[in-house]
Amino acid sequence: MANNTLTVHHLGRSQSERIVWLCEELGLDYELKRYERRKDNRMAPPEYKALHPMGTAPIITDGQLVLGESGAIADYLIATHGEGRLAVKRGQPGFADYLYWFHFANGTLQPAVLRVWYLERVDASEKNAALQAAKERFNLIFSTVEKRLGEAAYLAGPELTAADIMTVFSLTTMRLFKPYDLSPWPNILAYLQRIGARPAYQRAMQKADPEMTPLLGATP
């Protein structure tokens, strides 16, 4: 691999699918290196963990740079390789919406899914007050996304942006780990059908996880 090659290190069935998709939407020249999860615990293999001190997906290398965190990678790729495409600039319509939903993805949505998952593994009964509170927040969060997608085709407005690329993993592949039903939220389901029809998304998922059918329907 040449030192100036942009490489996306993709851990199978993980958040790093976002970065593959982003590269496809931007039409970037990149190398994809896939890593399979360990069979014993479904975690990243040692060679993936060795790439970055945190050892978590996603990770890119670009020349001498090694960068983790989905949001940081998305911002970096858009700014350095994407000529600002798929971001909404200050002064443009939807700028604040873009910022909100871009950060909502990992700041609010994904932690809510994980919180319910973890608490259910400890005690799934109705007597678990923490779990019941987490489920209430889960429903509030999904109702908020549902409302937004009744107002606009994509989270920041009429066009797809990196805010959508940050969000979709939690609505799709994350359900392999924490199954949940999207039937109560028809706008989200219609949104996922729009996403699934995008050629760049189709290419990305075929490259990233060719053995997996994207979870775009109501149930996993």
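The model is predicted, and local features require pLDDT of at least 70, side-chain atom pairs count only at pLDDT 80 or more, and totals for chains, interfaces and linings use all residues. Residues are numbered from 1 along each chain as its sequence is written, and side-chain values use heavy atoms, with hydrogens and water left out.

Helices (H or I, at least four residues) and strands (E, at least two) are DSSP runs numbered from the N terminus. Residues are called buried under 20% relative accessible area, exposed over 50%, and partly exposed in between (1.4 Å probe, protein chains only). Helix H6, residues 162-171, is mostly covered, with 10 of its 10 residues buried. Its buried residues, Met166 among them, pack against helices H1 (17-26), H3, H4 (95-122), H5 (129-151), H7 (186-196) and H8 (199-208). Met166 is also touched by Ser70 (contact means heavy atoms within 4.5 Å). Ser70 is located in helix H3, residues 70-80, and counts as buried because its relative accessibility is 1%. Besides Met166, Ser70 touches Gln15, Arg18, Ile19, Pro58 and Asn106, residues up to four places away in sequence not being counted.

A nonpolar core is a set of buried Ala, Val, Leu, Ile, Met, Phe, Trp, Tyr and Cys residues joined through side-chain atoms within 4.5 Å. The largest such core comprises 63 residues, and those with the most contacts inside it are Trp21, Leu77, Phe142, Ile188 and Tyr191. At least two residues of this core are supplied by each of strand S1 (6-11), H1, H3, H4, H5, H6, H7 and H8. The largest share, 10 residues, comes from H4. Beyond its neighbours within four places in sequence, Leu77 is in contact with Leu6, Ile19, Leu22, Cys23, Leu26, Leu28, Ile60 and Gly82. A second, separate core of six residues includes Tyr35, Ala44, Ala57 and Ile59.

Pockets were located on a 1 Å grid over the protein atoms alone, as open sets of points where a 1.4 Å probe fits, with protein on both sides within 12 Å along at least five of seven lines; lining residues have an atom within 4 Å of a point. The volume is the space filled by probe spheres set on the points, which are joined across faces, edges and corners. The largest pocket holds about 700 Å³ of space. Of its 28 lining residues, Gln15, Arg37, Met43, Thr56 and Ala57 lie nearest the centre, and H4 gives the most to the lining, with six residues.

A salt bridge is a side-chain nitrogen of Lys or Arg within 4 Å of a carboxyl oxygen of Asp or Glu. By this rule, the count is 11. In one of these, the closest N and O atoms of Glu24 and Lys207 are 2.6 Å apart. This pair links distant parts of the chain, Glu24 in helix H1 and Lys207 in helix H8, 183 residues apart. Glu24 is buried, with a relative accessible area of 9%, whereas Lys207, at 38%, is partly exposed. Glu25 forms a salt bridge with Arg198, with closest N and O atoms 2.8 Å apart. Here helix H1 is linked to the loop between H7 and H8, across 173 residues. Within helix H5, Lys147 and Glu151 lie four residues apart, about one turn of the helix, and they form a salt bridge with closest N and O atoms 2.7 Å apart.
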